[in-house]
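Take a look at the model below. Keep the sequence at hand as you read.

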Amino acid sequence: MTSEFLIRLLADALLVPIVVIGGYALLRYVPRGQRFAAYSRVLMAGLTALLLAKLTATLWQPSELRPFLEQGVAPGAAYLDNPGFPSDHALFSAAIALAVYFETPSRPLAAVVIVAVVLVCLGRVLALVHTPLDVLGGLFFACVGALWYGARNGTQVAQQARKEYTKL
């Protein structure tokens, strides 16, 4: 197996198992009565992360070209023709990993997805389609979006209070 093939697998193809494992975990481990609230948080976290990332990219872009352009070589993975900050692959995969971590009790599946996210980020840099700053930007915005998971505790407290109130 050539290193170019391995890098392409890490940078692009590893997204498929992340999506499959994330989808499985969210469908399998989120209790039926809590699915609407959980899926709403996942949606809001993802949309918030994407919106903030795109706004930031519009207002600020690092001046460097993509690494493969600077080096005058072919890219080692798929990419969109834009400056590259932040990495959409990093943002998307990290958003899924954070959803699995915060919304399911399955720590083993969350750990598998987190390791896969690290490998995707490494693959994007090794493929020369992103700089480490691009990848860190994607991870940062996914973490900002994950602040929505803090609403989970408020929802649980409110539900518990409603139960206590109805007992009176």
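Predicted model: local features only at pLDDT ≥ 70, side-chain atom pairs only at ≥ 80, totals over all residues.

Begin with the largest pocket. The space in it comes to about 280 Å³. Its lining takes in 18 residues, and those closest to the centre are Val42, Gly46, Leu47, Phe92 and Ala95. Which helices each supply at least two residues of this lining? They are H3 (35–59), H5 (88–103) and H7 (132–145). Helix H3 gives the most, with seven residues.

The whole structure holds one cavity of 30 Å³ or more. The largest cavity has about 40 Å³ of space. Its lining is made up of Pro62, Glu64, Leu65, Arg66, Pro83, Thr131 and Asp134. Here three residues are nonpolar, one is polar and three are charged.

The salt bridges come next. There are four in the whole structure. Start with arginine 41 and glutamate 103. Their closest N and O atoms are 2.7 Å apart. What does this pair tie together? Arginine 41 belongs to helix H3 and glutamate 103 to helix H5, so the bridge ties together parts that are 62 residues apart in sequence. Both arginine 41 and glutamate 103 are buried.

Lysine 54 and aspartate 88 form another salt bridge, with 3.0 Å between the closest N and O atoms. This pair also links distant parts of the chain: lysine 54 sits in helix H3, aspartate 88 in helix H5, and 34 residues separate them. Is lysine 54 buried or partly exposed? Its relative accessibility is 35%, so lysine 54 counts as partly exposed. Aspartate 88 is partly exposed as well, with a relative accessible area of 27%.

One more bridge lies within a single helix. The side chains of arginine 8 and aspartate 12 meet at 3.8 Å, N to O. Both residues belong to helix H1 (residues 3–13); they are four residues apart, so about one helical turn separates them. Aspartate 12 has a relative accessible area of 18%, under the 20% cut-off, and therefore counts as buried. Arginine 8, at 41%, is partly exposed. The contacts go on from there. Salt bridges with shared partners join Arg8, Asp12 and Arg124 into one network.

Conventions:
Residues numbered from 1 in each chain as written. Heavy atoms only, no water. 1 Å grid on protein atoms, 1.4 Å probe; cavity = no way out; pocket = protein on both sides within 12 Å on 5 of 7 lines; lining within 4 Å. Points joined across faces, edges and corners; volume = space filled by probe spheres on them. Nonpolar A, V, L, I, M, F, W, Y, C, P; charged D, E, K, R; others polar. Buried < 20%, exposed > 50% of the residue type's maximum accessible area, 1.4 Å probe, protein only.
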